[in-house]
Amino acid sequence: MRISRISKAVAVGAAAALALSACAANTGSSTTSASGSGSASASQSAATGGEVRVVEVNGFSSFNPNSAKGNVDINSKIAYSTQSGFNYIDNNFNVVKNDKFGTYEKVSDDPLTVKYTINEGVKWSDGKQIDANDLMLTWAITSGYFDDATLDEEGAVSKGTQYFQYAGSTEGLNNTKVPEIGADGRSITLTYDQPYADWEIAISSPLSPAHVVAEKAGMKVEDLTKLFQTLPKGDAAKPAAVNAQLKKAADFWNTGFDTTTLPKDKSLYLSSGPFIVDSIEAEKSMTLKRNPDYNWGPMPQVDSIVVRYIGDAQAQVAALKNGEVDIIAPQASADTLEQLTALGDAVKVDTFDQLSYDHLDLNFSGPFKDANVREAFLKTVPRQQIVDSIIKKLKPEAKPLDSQLFVPANAAYEESVKNNGSSAYGAVDVEGAKKLLNGATPTVRIMYNKDNPNRVDAYTLIAKSATEAGFKVVDGGLAGNAWGSALGGGTYDATIFGWVSSGVGVSGVPQIFGSGSSSNFNKFSSPEADKLITELIKTTDKAEQDKLQIQIDKLIWDSKYGLPLFQSVGVDAYSSNIDGVKPMPNQTGVWWNFWEWSVKG
């Protein structure tokens, strides 16, 4: 499971309990089959044809949402509609198997052993069968098996090598042996060295096309797979010389699929799912067309989906009102909701809490290397004022979020808040900040999405308050298509953005807070937290997971990591001429069942 970055507060109001770790483990872990679920079976009817036009806030930037730079919500949604996998998550947080794509089976509990098999005839849009080579590449990427890097205090590699810059956590799959390839060439068997809580979603969509990555690295796909089978596991204590072939393949995977336009080379945007990207108008729109060969999963009912990039909420509402688009998820605000309500029966509107939260993170370097400076800055953050300005009109009972790992719907939220130290930041304390600074006037650059009104408001309020304490605040706002790739790049001291989870699993905790993780952008590192995280990913009992996360939450607050601001509240709205749209609290949003979208005749 991989948590995605978001640039806006989209939201859905399921009462599902969630944790930042993409948890919602307490919603149950029941598994159903796509061939038997009501949602999927309803989608197997013949296509009704037509086109649905949906709005996204961000412009598309990469065909690889699994990379550290490509891990932005819009990229994930496009991958979701153009790639297939062994399962997906429905809006009740069930893991739904897609047996038409392939199967996975737990062969043994001791040791944990899982076999994955891709069905014959499931292929990339260039006609290539998806097979064990693709599964082996996915394993190599998501396991970090060959990495032997040591990171310094700034999070940079000081010795050894980090190959694939995977956005998620490698904690679980890193504890597997090299997979065994089946005689059919379409299956692999994974054997774990220890239990893994998220084993069922460990190998998930999107897969990367191994034959393309191999070709771009100047080798045959069989040679790339052989490399994975023969290279020893990386050992940070004894780093080996860089393997040039693996490095070349990893370097391409890390950035080679990044683009804001449609590449001339079709191998850079292969589809394995219901739709294929047909065209891109940079910074404006993307058009998806039906994949004529696809028949290995839920079947879409429309022939095409047009994705419009519209960052401004007012412009989104106007486009929906004028019939230019069919589905929007605008920046949540009371004004937006009022405008949508005024459209009457022409649109349908859903409001909800989302599995996401906005937060301020401080780098553990530069002016914030000093814990006293971090604490001083946090004392100036007007969290209540931010909530009042951005969320209160939509949700009158809204309060600042007081946990890095839970939200109020979680049973463990209140217990964690009582002990994690968040009460120290309940009110602005400019005088306390001045005392900690002791006359110093640190310069702090804050990076955020300047095209997002909520982030602009939060930055403005934070900058004003921090300046009163003596900080010299520099506006480091970047455009909506630039802030994501700047994360972790060392060009700022603090950043305001959001995480959104899938609602299943606990792997989001090591993804964001584990030492050396590619998504650990501010370089937080705690040996004690790492030890607890290692225990967490082995733990399948929900109560024990909560206990471990409560301890981790406190360690994060004790470090003066930053501050959660608020749980996102948002709005989805869609034309009454469109059927099949259903709210979803996680990162896929309304896209989760895009195959059910249909245009009324």
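Thr176 is buried, at a relative accessible area of 2% (buried means under 20%, exposed over 50% and partly exposed in between, with a 1.4 Å probe and protein chains only). The model is predicted: local features need pLDDT of at least 70, side-chain atom pairs count only at pLDDT 80 or more, and totals for chains, interfaces and linings use all residues. Residues are numbered from 1 along each chain as its sequence is written, and side-chain values use heavy atoms, with hydrogens and water left out.

Thr176 sits in the loop between β9 (157-159) and β10. Helices (H or I, at least four residues) and strands (E, at least two) are DSSP runs, numbered from the N terminus. The side chain of Thr176 makes a polar contact of 2.9 Å with the side chain of Trp139. A polar contact is a pair of N or O atoms within 3.5 Å; within protein, one must be able to donate a hydrogen and the other to accept it, and residues adjacent in sequence count only if both atoms are side-chain atoms. A polar atom of the Thr176 side chain also lies 2.6 Å from the backbone oxygen of Leu173. Neighbours within four places in sequence aside, Thr176 is in contact with Trp139, Tyr145, Leu190, Thr191, Tyr192 and Asp193 (contact means heavy atoms within 4.5 Å).

β10 belongs to an open sheet of 4 strands, in the order β6-β7-β11-β10 and with antiparallel pairing. Its edge strands are β6 (102-109) and β10 (180-181), each pairing on one side only. Two strands pair if DSSP finds at least two bridges between them. Strand β7 (residues 112-118) is joined to β6 by 7 bridges, and the two run antiparallel. Ser108 stands opposite Thr113 in β7. The loop between β6 and β7 holds Pro111. The peptide bond from Asp110 to Pro111 is cis, with omega near 0°.

Helix α3 (residues 132-143) lies across β7, β10 and β11 (187-191). It runs at about 30° to β11; axes are lines fitted to C-alpha atoms, for helices over the stretch in contact, and angles run from 0 to 180 degrees between N-to-C directions.

Helix α6 (residues 244-255) has 12 residues and reaches 17 Å from its first C-alpha to its last, close to the expected 16 Å. The expected span is 1.5 Å times one less than the number of residues. At the start of α6, a side-chain oxygen of Asn243 comes to within 3.2 Å of the backbone nitrogen of Gln245.

Strand β14 (residues 304-309) has 5 of its 6 residues buried, so it is largely enclosed by the rest of the structure. Strand β3 (residues 51-56) runs parallel to β14, joined by 6 bridges. Val55 has Arg308 as its bridge partner in β14. β13 pairs with β14 in the antiparallel sense over 5 bridges. Here Leu288 stands opposite Ile305 in β14.

The loop between β12 (275-281) and β13 (285-290) contains Glu283. Phi of Glu283 is near 70°, a positive value in a residue other than glycine. Glu283 counts as partly exposed, at 43% relative accessibility. Lys523 has a positive phi of about 70°, although it is not a glycine. Lys523 lies in the loop between α15 (508-513) and α16 (527-536). At 26% relative accessibility, Lys523 is partly exposed.
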